[in-house]
Amino acid sequence: MVVSSAPGKLILLGEHAVVFGQPAIALAISLRLRCSASPSARHTVNGQPLSDKFHPYIHAAIGRFWDGEPLSLDISSDLPSGSGLGSSAAVTVAVLGAIDRMRSDSTESSVAERAFEVESIVQGRASPVDTSTCTHGRGIFIDRSRGDRFLWEIRRDTRKWFIHHCEAPEMGMVVGYTGVNAHTGPLVAKVKRFVDRSSFGRELIEEIGQIAVEGRGRLVADDRVGLGRLMNRNQKLLAVLGVSSPELEKLIDASLPHSYGAKLTGAGGGGSMIALTDEPQKVCGAITRRGGTPFVVRTGVEGLKAEEV
Ligand code: PMV
């Protein structure tokens with residue numbers, strides 16, 4: 001039997017715009033997903049037959065990238081699914097990590113590339129931000145060209161993403177889960193329609209990309225005030241793009257009095273928000289009072305790794 005694990009992630013700056021090839025920053029978080037794999041008479045997931053309907057990401061990963069004997073896979077996770085914290089990317093990366101270990105053949109960049117392919121098969125239009133973060137861990141910065149701390153490059157149609165390691169200090173971050181599960185695919189499609197039809201939409205996307213570039217500088221300088229301001233501006237632009245929601249706005253408003261900045265993270269429409277704060281307990285209390293579920297997370301944790309059996 002082999003066991004591998006991958007972290008969830010939060011997108012600090014740049015979601016949605018990154019799908020168009022704009023820069024973004026994402027950090028791995030201390031909520032993990034584990035996958036164990038052992039030979040079996042047929043493919044199963046937690047004792048149930050592997051199915052496209054119930055396990056779309058695992059089904060696509062095994063169907064596309066495993067031609068060995070059937071596997072019994074067991075998945076356990078700290079990540080609420082549909083929360084915008086990268087549970088689909090983490091399961092894809094952990095499964096690919098496990099099957100690579102069975103073959104004793106793996107590199108980070110090849111896992112990240114295949115995980116992006118799986119996500120694209122299941123979700124449709126996507127960027128490699130989630131899958132690359134869950135693979136590499138710590139922090140990543142996606143840019144339009146190759147720079148310092150370059151890790152790998154991923155291409156799709158005319159788009160190119162240059163993935164870099166991003167140094168990030170240990171920061172107090174609270175995640176607030178709205179309890180509303182939103183589907184990423186339709187939200188990504190809605191933003192594309194907006195951007196295809198209006199130059200204003202394209203300007204919003206460009207500005208979000210610039211915010212991510214500036215945010216990388218603030219992060220490296222550990223300038224939390226500056227970073228918080230960029231998060232707030234990013235949230236305004238995401239709301240104009242139509243991907244915020246009343247539940248998200250409620251939790252963001254509740255967090256702001258105790259935070260440097262707060263914004264939705266991931267696809268939006270529900271899912272989760274994040275707040276950068278020195279007072280995590282106060283933010284957690286405010287989120288709970290407004291009906292959300294808070295998690296205090298550590299950022300900058302390890303990416304895909306093999307676990308002891
Ligand atoms: O699926 P989520 O909620 O982790 O969001 C993904 C981030 C998007 O930028 C909206 C989509 C993508 O593939 O980058």
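R138 sits in the loop that runs between α4 (129–136) and β6 (139–143); helices here are DSSP runs of H or I with at least four residues, strands are runs of E with at least two, and both are numbered from the N terminus. Although R138 is not a glycine, its phi is positive, at about 45°. With 38% relative accessibility, R138 counts as partly exposed (buried means under 20% relative accessible area, exposed over 50%, and partly exposed in between, using a 1.4 Å probe and protein chains only). The model is a predicted one, where local features need pLDDT of at least 70 and side-chain atom pairs count only at pLDDT 80 or more, while totals for chains, interfaces and linings use all residues. Residues are numbered from 1 along each chain as its sequence is written, and side-chain values use heavy atoms, with hydrogens and water left out.

S104 belongs to the loop between α2 and α3 (108–123), and at 67% relative accessibility it counts as exposed.

Now for the ligand. It is surrounded by 16 residues, with K9, H16, S127, D130 and T184 the closest; a residue is put in this group if one of its heavy atoms lies within 4 Å of the molecule. Polar contacts are pairs of N or O atoms within 3.5 Å; within protein, one atom must be able to donate a hydrogen and the other to accept it, and residues adjacent in sequence count only if both atoms are side-chain atoms. A side-chain N or O atom of K9 is 2.6 Å from a ligand oxygen, and one in the side chain of T184 is 2.7 Å from an oxygen atom of the ligand. A267 takes part through its backbone, where an N or O atom lies 2.9 Å from a ligand oxygen. On its own the ligand has 380 Å² of accessible area, and the protein covers 95% of that (Shrake-Rupley method, 1.4 Å probe; for residues, only the protein chains shown count as cover).

As for packing, the largest nonpolar core has 78 residues, and L10, L12, L13, I58 and I62 touch the most other members. Such a core is a set of buried Ala, Val, Leu, Ile, Met, Phe, Trp, Tyr and Cys residues joined through side-chain atoms within 4.5 Å. Helix α2 (residues 87–103) is the top contributor, giving 9 residues. Domain 1 (2–168) and domain 2 (173–297) both supply residues, so this core lies between them; the bounds come from an automatic or database domain assignment. L12 is in contact (heavy atoms within 4.5 Å) with residues including I25, L27, M173, L219 and I274, leaving aside neighbours within four places in sequence. Another core, of 16 residues, lies apart from the largest one, and I11, V129, I142 and W152 are among its members.

S72, in strand β5 (residues 71–77), is buried, with a relative accessible area of 18%. E117, in helix α3, is partly exposed at 23%, and touches R64, F65 and R156, not counting residues up to four places away in sequence.
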